[in-house]
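Subject: Structure for you to look at

Hello,

Here is the structure I promised to pass on. Please open it beside this email and follow along.

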Amino acid sequence: MRNISMMRSWLSWVAVALISIGAGSAEAQTIRLSVDLSQAPRRLFHAKLIIPVTPGPLTLLYPKWIPGHHSPQGPIVNLTGLKFTAAGQTLAWRRDDVDMYAFHLEAPAGADAIEVELDYISPTQAAEGSSASAQLAVLSWNQVLLSPQGRTPDDLTYAATLRLPAGWKFGTALPVAKQSGETIEFDPVSLTTLVDSPVLTGAHFQTIPLSVSSLPPHQIDMAGDSESALEMPAQMAENYQRLVAEAHALFGAHHYRSYRFLVSLSDHVGGYLGLEHHESSDNRLPERSLSTDGLRQLAGSLLSHEFVHSWVGKYRRPAGLATPDFQQPMKGEMLWVYEGLTEYLGNVLAARSGLFTPEEYREDLASTAAYLDRARPGRTWRPLVDTAISSQILGSAPREWRAWRRGTDYYGEGVLIWLEADGIIRQETQGRRSLDDFIRLFYGGSSGAPEMKPYTFDDLVAALNDVAPYDWKGFFDARLNSTEPHAPLGGIESSGWKLTYTDKPNELTESLYREYRRLADFSYSIGLMVRTRSEDGRIVDAINGMPAERAGLAPGMKLIAVNGRQWSAEELRNALRTAKRTRQPIELLVENAGFYRTYFVNYTEGEKHPHLERDSSRPDLLGEVIKSRAPRGPASSGKN
């Protein structure tokens, strides 16, 4: 009996030892990352990493191609203060002379880890990724770390620790292990998950739960430059709760364990932009977005767009964008699906949930159709598919000459294409099916934790044919490769509406230009886009073939006077109205690189703004598209 007991004790000791060795081995391979945001108000982020190594040559990489950016936007130029140490000595390093994102060094004999120190300088102007103001900060983990070459993000484990400025609160989808004061320790996760989980933090912070029965937790985490910026109207909060319900009624499943809308309300960290993630979204809005008419609608369309991306882009992703790591180039040919379908569904869901009224939805659609139909002469040489393929260069292209160059038009033109596809499905199935059926089939699946399922163009066509047999390949090929001068408006027309122009402003567009872009839009009359406030009077674009461009005006010139009076947007509008009555040219005094000249614009048709007009000869399918799909119950949102 004693010998048997001793044998059992020995076996137990061996088992515990093996378990300990295994645990120690796993822990030894974990990269430890500590980020200090205590100086975030100075726009300076500090980071330290402890990276397990074996002696010998080592290459460390800074993330370059980040999902959702569609271009190599890892801000390597803002990486500073880089220092490597191991075994008590400072290590020499050398940047690769071809790949600016790779650093070469030698791990010395006896070293089992390298310590890395680095700083990230947050841009002083609004920018994507890690940004900060005096009162809040957004942390994108990929901008404060390095990773060893030869390992995929899925195979690398990071244990992150974050230090906040005193008194600041935070929100993130990253699971928290523990918190002590301003220091938060997160559960170890893969590099993929870490990069997919930004952090929003600020001195003024508020959480709004969006409780929907039978669904996982959803919430809005807001940080603002002031306490008043966080005052969301009760009806708006209720509409965001409905957005969650409408999205799940559309997709039929979710691919996350919980979801957070991270919303920064500041004029200094992005203005109006967003980035999608599986279990959260990084949404940047002007400070007064919740209290200013017009900006509220922009907020709704942004959050709904990024929410849709959890399905369209994160769960199902075009194969060319589903790269194995953050260094491989992405191929954007199918961004008309990734972004175009997301834009379409985001606006539809905004309307179904009440974030857009039906009229606001139509005004937004009219604006999209108009700029693609009348303010994009570049479509005669650059087909839509090339705007997607060229995304990595067009995304950062200047606004000047955009009408001729084209921009990331796969967003807006994707809206028109997918609306038309919806109409075709309804027609081919005699109203029994719609695009909603395709969405549930292709993007639904089974609910659960985040995962990614890449797809090809052929997969997309096959799924559409399962819903409604049709020549879908021919349909998309014709629209993606067209160099026709006009946009595809068939979806609007078959839905019982038509694009028209009147002297009544499109209020949704006016709010966007006035409150955020700070531009005066005369695209559909004389063909000018002009800056207001900063660089007041500077011409941003003069549309080819329109009256102002024919008169000789061009981007970069500056309006000084209109018909002998000091330039202002209202003065130019007055001149348009006067010219319609008097039939006389509009006189513009313009400065061009220090030289002054008067131009005469021959135009007498007055102001023109885009709208949709009902075509009573056809059924109102557009009204059917935006009809609510989710059951309406009592509101249950609240604030923490």
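Helices (H or I, at least four residues) and strands (E, at least two) are DSSP runs, numbered from the N terminus. With that in hand, look at leucine 82: this residue sits in strand β4, residues 79-86.

Two notes on the source come before the rest. This is a predicted model, where local features need pLDDT of at least 70, side-chain atom pairs count only at pLDDT 80 or more, and totals for chains, interfaces and linings use all residues. Residues are numbered from 1 along each chain as its sequence is written, and side-chain values use heavy atoms, with hydrogens and water left out.

The whole chain

The protein chain has 19 helices and 33 strands. Its radius of gyration is 27 Å, close to the 26 Å from the globule rule for 640 residues, so the chain is as compact as a globular protein of that length. That radius is taken over C-alpha atoms, and the rule is 2.2 Å times the number of residues to the power 0.38. Along the principal axes, the C-alpha atoms fill a box of roughly 110 × 65 × 45 Å.

How much of the chain is buried? Of the 640 residues, 55% count as buried. Buried means under 20% relative accessible area, exposed means over 50%, and partly exposed is in between (1.4 Å probe, protein chains only).

Now the contacts (heavy atoms within 4.5 Å). Take those between residues at least 6 apart in sequence: 70% of them join residues at least 24 apart.

Charges next. Lys and Arg count as positive, Asp and Glu as negative; His and the chain ends are not counted. Each charge is placed at NZ of Lys, CZ of Arg, CG of Asp or CD of Glu. The mean positions of the 65 positive and 75 negative charges are 2 Å apart.

Beyond its neighbours within four places in sequence, leucine 82 contacts Trp93, Phe103, Val116, Glu117, Leu118 and Leu146. Leucine 82 and aspartate 119 are 37 residues apart in sequence, and their C-alpha atoms are 7.1 Å apart in space.

Threonine 172 belongs to strand β13, residues 169-172. Is threonine 172 buried or exposed? Threonine 172 is buried, at 4% relative accessible area. Not counting residues up to four places away in sequence, threonine 172 touches Phe186, Ser197, Pro198, Val199, Asp221, Arg260 and Leu262.

Arginine 573 is in helix α18, residues 569-582. This arginine is buried too, with a relative accessible area of 17%. Which residues does arginine 573 contact, leaving aside neighbours within four places in sequence? They are Glu510, Phe522 and Glu607.

Most residues other than glycine have a negative phi. Check these two against that.

Serine 214 has a positive phi of about 70°, although it is not a glycine. Serine 214 lies in the loop between β18 (204-209) and β19 (218-224). It is exposed, with a relative accessible area of 73%.

Tryptophan 401 is not a glycine either, yet its phi is positive, at about 65°. Find tryptophan 401 in the loop between α9 (391-394) and α10 (402-405). Tryptophan 401 is partly exposed, at 34% relative accessible area.

Best wishes
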